[in-house]
Amino acid sequence: MKKNTLTRRRFLHGSLYGAKACLSLPLLELMFGSQNAFAQATTYSRFITFYVPNGTLESQWFPSSGTKTNFNLQGCALAPFEAAGLKDDISLYKGMTNAGRFGGSGNSHMQAISSFLTGTPIQNDAITTHTISLDQKLADYHQSTAPTAIHSVQLAGNPELDKPNNSRYNNQLKNALSFNNDGRILDNKANLKSTFERLFTGSNTSGIISELDARKLSILDAVKDDTNRILQLAGQEDRLRLEQYFDGLRDVEREIERNGNGNTQSCNEPSGFFPSTSDSDRNNEIGDHARATAKLISAAFQCDITRVFTYLAGGEAAGCAYNDIGIGAHIHNALSHNINGSQSARDQYHQIDTFHSSLVANIMSELKNIPTAQGTLLNNTCVLYGAGMGNGDSHSLNNISLLVGGHFGRFEQGKFHTLNGRNHNELLMSLHNELGLPGNRFGANNDGTTAPIS
Amino acid sequence: MRKVVIISLLVSILSACGESNSPIDVNNDNTNSSDNGVVTPSPFTPPPFTPTPSDPYPIEPGATPEPQNTPNPITQPNPGSTPQPIATPSGPTTPAPTNPLPPTHDLVLGEAWYISNELKCSACHSNDGRSNDYPDLVGEDFLANYDFDSLMLKVLFMSEKYGTISCDGKEPGTCGYEVAAYIWVKLNNQTLENNADDGKNGNDDSLASSCRIQKNSGMRRLTKTEMKHAIEDTFGLSADAYDELPKERNLGGFESIGAVQSSDVNFVIPLLDTSINTASRIVNNSLFTHNCTDNQLSSCISETLRPFAQKLSGLGPNEVEVLLERVSRFALTTAQSQAPEPTPQRPSGDQCNTTGECKTLFGNDADDCVNSPSNQSFCSCGGERCDVLNPGIFNPIVNTNIDHINAGFEDGLVALIMSPEFLYLKARQSDQARVLNSHEIAKTLSLTLWLSVPDDILLDAANKGLLSTQEQIAAHIDRMMSDEKFSRFKEHFFNQWLGFSRVSSYDVNDDALNILNWDAIANDMTQESLRFMNYLLENNLHVNEILTADYSFLNARLAQHYGISGISHNEFEKVTLPDDSNRQGLITQGAILTRAANGDHASVVIRGETLLSGLMCDPPASPDATIQNEIDELANAQLSEYEKMLARDQKPNCAACHSTMDPVGWAFTGFDAAARPLIDDANGIINNGTIDPSGIYKDNFYNGPLDMINLLNEQNNLEMCLSEKFMIYTLGRPVSYLSNAEDNCIIDEVITNLRATLDPDDNQIKMKDLIKAVLIHDVNRLQGDKLQ
């Protein structure tokens, strides 16, 4: 297999520089053994997570009253979903306890986020590896069964890792939403321009691998040439680090190859402005960022370039200002700790909750506007929106705010579930099953118990 | 440097077969703590404790401990004696026994101390080491975080911090040792290894350290800054494209921590583009030259790339061959695949049609055009073939176009600057402990001091094996510290340690504080502290001057902001701080004070925590989730900072840490969130309208920032802390003097050895000397086998 690939590279490289050969799609399909991904795309489940740090004002996040099937979102933080006509596309999960609470320890911010998608508590807040998160498990499964060009995409509205005036909080776990199969934390990137390029460059080239991409492939081959020898020589711990680099080389290679094999007929590049937001500094205006992300997601889903996105509004224990809605004097985490002291802080904190909801509703609306054979892009798509921490002021891991959107598996939407004290990993278990993942275990402390889905 | 107060508690077992089964009553009535913490002798004086292998109680390592089937081993009948921990006046500590006999320990003694009123271990951690409110001393997580030596260190520090007395010693028979052994053996079912043969590190005679160096200061990737400088220094051009790579992930501000670096797809995508861009610039730069033609192309490529491969990888002449072969082969493949077809040779068989043409080609020697009508014609010169006599005329036209060769070099260079051999440092070939070779030492030195790869001199020394003794390494460090490239170190090390460049991102609400040009002032603060630390380092001044300097570096704008009058220069200049400024050394500089900014006021807690963690290297423990309710209660309370501080003092769980943290922060409440003098407290946020930065810190009265700075200085932690932070920076792993036995030993050794070289009249340790002393210590030359 590898040998053939090499031959093809050399051929491409040489011919493109020399004879200026133009390779057509059928030849590439033959060589890549590819399938027409788009035709099948809608049968594969898609997953979006929108994570809110520092908790929410939970008492005003959910409707203050109502029943499982009869509830009113007006006045609470979820109102934008009703305004966008999405009430029947979502279900609310009130009262669940973060899985991190069940036997975990360490700073509660770090516990909140690192168990949100893993369903597994951390034992201390200095860990560097953890168990695989649900988004990654799904993306891995797709790559092994019906691969997409891009494995998965991790984004952040505010990627800032550092809250520099408190060195103890200078912790990579603040942004630790996704963990891959090796347990490594995946970085969340804010730069939408480079994400756009990663997703769409090459996807509209009629199946021709560009001269530059062909050269990149041969470079990647050359760099990887001694992989096995180098890995064999390395000790165990070093090997993990080298493997991450070699995996990165392979990921880039795979993405270039799949881009060269892109489907052009039904796939349009999203239009709009994709800001090259810094991947490490604070971003105080996540509104435009999240709206541009919505366009990226819907286009990527439409083209079946990737099926898994995570979006971090901001890292835990940090948080940004929200200049786009006029909240600039204090950052999110500071507000979260003043909600009982000041009515204006409380109002602003709630305002931010509502703002986050509007951004998620916008993502869902973008998807709902794209018709597919199954209905819209919202079909076969699961949207998980919420916070790992409950009341951000008390650092509680109880009563966390959770919403599941989209239509997938056997989920029946339009429900208001109240599940006091139950481990939120039960909801992850439900998502796991309804997204079509094999096996009946996920995360920790779970024997397969699921949360209600109807 | 802080030392555990040594109180030698010589202890005896009164009887090997005691009559009493009840735990010994070791209460305060037997001892009298004086103000300085020294314990006076108890009324009765038992014989000294002399453990021998024949004692029935000391347990041999390897002996199977009793299985712990009951949750509380303390409740088991204790058949042992009733040990009496007795305090006697302190004496010199006995050196560690170096005999090959296994270490002994006394579980009964350890237990008695564990539950005693002096040490109070069990008061928080409970008798069986399991507690809801405090860290467990048993179980997997505990064992993952501690080895025996570090546990012993922890016992010593915790006893000093929270016990009514300080617990002495790391030797058998002392309470630090016995309590740790009790926790280790009895509560955790662990055995004590015989460490008698661990005193020697490796088989290298040049290794001098008496510390057991076991940690793996493992492989790490070069940071983007290091890559950039390495390219610049190797190829002589600017490599700004590397600035576009993702910002390094860091731990505690340090970017060189191998364990948290990210090299995933999000790193590789821009790295690939940057490398392609950079290789193109290198080959098209006039400094890159080669004489390669299609003849002997393979060896020419290889020889051209060799010096670059050696320099960037830092590998020795033999080791570099594998890398060189790989990148050269790739360069050759590219060059050959892009080579234009050779210009067709003029057909040698169809040279002429007339004799005149031959004379034109070969001169008058030509006298005939043989076979002129056919396509086999050739010129004849006196009966011989003219082309044989004049080689070159009809030789193939030499292809002078070298674009394809340059394209080959571009690809080869991309492969080189993306190779793991360049990007990674100190890859281990197995998990075995080993001594680094000269080339690895050279690369470590240059990355640390220059943020770049070795220069020719360093590489030459490595090739000759001249980097194997401390003296040889020290000579290179001196040379490297006087090189211009050392300025990179100053900027990056101090920035990563103390976060100077991040002032503008602190939570200073400039509107509420009425600061007009905060961005400019924030930048000034960064400049002030960088210049200050650089000045100390460049001039090799005393480390303690970080705290005690009566000067700083100010321009007019910053001086005005600080309320210091009489400064009119717009450039930064060294300024003696006026007495009434209440400023001294680094702590009262804006880059440090504004770290505690919390909108419109400064947080006492953050200020205290920042100074203890950052400059004392004594970070308070993270608040455990179990005391979260108490934290919340206070966070929500409508109280001034002072009232909250009093409230914390009333809650034992809070006071455990805040009794040291809060006074350190409180002493600086005379400075506001933006480091300006704070005259009054109009909103009552600090203390109901008044500013009174006085109080008690560790039994000492202080009034104002200068008192506190001097108290902190007396703790003498700064040399330790600079060593610790520098070790993190150069080793690329977490280092903790106060909680890890190995780190503790190394730093003690560095400082002790360095101090021994000093003039007794001037025995203060200096900045450059300390950095050099750490760098030549064996810890930088030895990779342990213990995973981090």
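Biologist: Let's begin with the cysteines: which residue does a disulfide join to C358(B)?

Modeller: Happy to look, bearing in mind that this is a predicted model. A disulfide counts here when two cysteine sulfur atoms lie within 2.5 Å. For C358(B) the S to S distance is 2.0 Å, and the residue joined to it is C379(B).

Biologist: Thanks! What is the handedness of the disulfide of C358(B) and C379(B)?

Modeller: Both C358(B) and C379(B) are buried. The torsion about their S-S bond is about -85 degrees, so the disulfide is left-handed.

Biologist: How many residues apart in sequence are the parts that C358(B) and C379(B) tie together?

Modeller: C358(B) sits in helix 10 (residues 355-362) of chain B. C379(B) belongs to strand 3 (residues 378-381) of chain B, so the pair ties together parts separated in sequence by 21 residues.

Biologist: And how far apart are the sulfur atoms of C292(B) and C300(B)?

Modeller: The link of C292(B) and C300(B) is left-handed, with -90 degrees about the S-S bond. C292(B) is buried, with a relative accessible area of 2%. The two residues form a disulfide, and the distance between their sulfur atoms is 1.9 Å.

Biologist: Good to know. Is C124(B) buried or partly exposed?

Modeller: C124(B) is in no disulfide, and the nearest cysteine sulfur, that of C121(B), lies 9.0 Å away. Buried would require under 20% relative accessible area. C124(B) has 33%, so this residue is partly exposed.

Biologist: Turning to the helices, how are helix 9 of chain A and helix 7 of chain B oriented?

Modeller: Helix 9 (residues 211-224) of chain A packs on helix 7 (residues 265-283) of chain B with axes 12 Å apart, at an angle of about 100 degrees. Angles of 65 to 115 degrees count as roughly perpendicular. That makes the two helices roughly perpendicular.

Biologist: Last one: which residues have the most contacts inside the largest nonpolar core?

Modeller: That core has 118 residues. W497(B) touches F254(B), M533(B) and L615(B), among others, leaving aside residues up to four places away in sequence. The residues with the most contacts inside the core are W497(B), M533(B) and L615(B).

Note on methods:
Residues numbered from 1 in each chain as written. Chains lettered and ligands numbered in written order. Predicted model: local features only at pLDDT ≥ 70, side-chain atom pairs only at ≥ 80, totals over all residues. Heavy atoms only, no water. Axes fitted to C-alpha atoms, helices over the stretch in contact; angles between N-to-C directions. Helix = DSSP H or I, 4+ residues; strand = E, 2+ residues; numbered from the N terminus. Parallel < 35°, antiparallel > 145°, perpendicular 65-115°, else oblique. Core = buried A, V, L, I, M, F, W, Y, C linked by side-chain atoms within 4.5 Å. Buried < 20%, exposed > 50% of the residue type's maximum accessible area, 1.4 Å probe, protein only. Contact = heavy atoms within 4.5 Å.
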